[in-house]
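This report describes the architecture of one protein model, moving from helix packing to the sheet and then to local details. Please keep the sequence and the coordinates at hand while reading.

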Amino acid sequence: MSLVYAGVLSHAPGITGRAHLVDNIEARDAFYASLERQRKEIESTGAEALIVVAAEHFANFFMDNMPAYCMGIGDEHSGPIEDSDWLKIEKTKFNGAPDLAMRLVKGMMRTIDLAYSEEWQCDHGIMIPLNFLTPNYDLPIIPCNINCQGPPLTPLNRVWEFGEALRSACDEQPEKIAIVGTGGISHWPATPDSGKINEAWDRRFLKQLMNQDKAKLISYDDEEVYAEAGQGGFEIRTLIAAAAAAGGKGDLQFYSAELPIFAVGCTVARFEVSR
């Protein structure tokens, strides 16, 4: 059955860790409701595995070993690597999908250089999506990382090719597979500007993403992104990869810049999976 769902959502530690400090309760609850809708949409497809394309934050890789792309092929994964009291997510272990993941790796390696790992410690970039999309951890998870942290960063045209390679590999499989790309749009984590959100930049990018405007999406310059969207803006790579994998137009189901305590523009969207 191959790919049955493709979407994107934001991740940031404050989404769970600072939920109790939110002033705009209405916006928070609307965001959470959109994430619950996304959970139900994934569930309704009968997905047998969930691929989470994320940007990891030096949990598994550092500057001495920073692959452009890596997929987790282990029997199980664990997280969060961060302090549970801080993130408000309990540490747990959950099932991977090793046989499927290895088949995907082999398929993707025909066109993309892809690392893989049997040991994966998930940080908030994956654990926050899982907290909302599979709260009982009853769906096998395949974590996948795009380097958005350590330069040189993968060029965006290569990110698009990565998404296409992932889709092609998914289409070769008998399992029903869901994909979510998760990152921030504009945000400045761990800086004095934390909590700043460039809403105009976010909305322009999201419009291009929903319209599958490949030419514009792969034309972003990292220096421009850094200036307009912060170092967290480099995580647009995960969202672009999900769009490329889907192939169809997107439906922006939620966006809000009214939750600065979460320190990110809060986004939920779904793509049509082209056939």
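Which residues in α4 meet which residues in α6?

## Basis of the description

The model is predicted, with local features requiring pLDDT of at least 70 and side-chain atom pairs counted only at pLDDT 80 or more, while totals for chains, interfaces and linings use all residues. Residues are numbered from 1 along each chain as its sequence is written, and side-chain values use heavy atoms, with hydrogens and water left out.

## Helix α4 against helix α6

Leu104, Gly107 and Met108 in α4 meet Phe162, Ala165, Leu166, Ala169 and Cys170 in α6, where contact means heavy atoms within 4.5 Å. By class, this contact of α4 with α6 comprises 7 nonpolar residues, 1 polar residue and no charged ones; Ala, Val, Leu, Ile, Met, Phe, Trp, Tyr, Cys and Pro count as nonpolar, Asp, Glu, Lys and Arg as charged, and the others, Gly among them, as polar.

Helices (H or I, at least four residues) and strands (E, at least two) are DSSP runs, numbered from the N terminus. The axes of α4 (residues 98–108) and α6 (residues 156–171) come within 8 Å and cross at roughly 125°; axes are lines fitted to C-alpha atoms, for helices over the stretch in contact, and angles run from 0 to 180 degrees between N-to-C directions. The two helices α4 and α6 are therefore oblique to each other, given that angles under 35 degrees count as roughly parallel, over 145 as roughly antiparallel, 65 to 115 as roughly perpendicular and the rest as oblique. The crossing in which α4 passes α6 is right-handed, a term used if the near helix is turned clockwise from the far one by less than a right angle, with left-handed used if anticlockwise.

## Helix α6 against helix α10

Helix α6 also packs with helix α10 (residues 236–246), at an angle of about 45° and with the axes 7 Å apart, and α6 and α10 are therefore oblique to each other. On the α6 side the contact includes Leu156, Val159 and Trp160, and on the α10 side Ile236, Arg237 and Ile240 are among the residues. The contact of α6 with α10 has 10 nonpolar, 1 polar and 3 charged residues.

## The sheet

An open sheet with mixed pairing is formed by 8 strands in the order β6-β3-β7-β2-β8-β1-β10-β9, where two strands pair if DSSP finds at least two bridges between them. Strands β6 (115–117) and β9 (247–256) stand at the edges with a single partner strand each, so one side of each is left without a neighbour in the sheet. Neighbouring strands are turned by 20° against each other on average, direction ignored.

Strand β3 (residues 69–72) pairs with β6 in the parallel sense over 3 bridges, and Cys70 stands opposite Ala115 in β6. Helix α6 lies across β1 (2–10), β2 (49–54), β3, β7 (141–146), β8 (176–183) and β10 (266–273), running at about 145° to β1. Helix α7 (residues 199–210) packs on the sheet as well, touching β9 and β10, and its direction makes about 155° with that of β9.

## Local details

A cis peptide bond with omega of about 0° joins Gly79 and Pro80, and Pro80 is found in the loop between β4 (76–79) and α3 (84–87). Lys88, a residue other than glycine, has a positive phi near 65° and is found in the loop between α3 and β5 (92–95).
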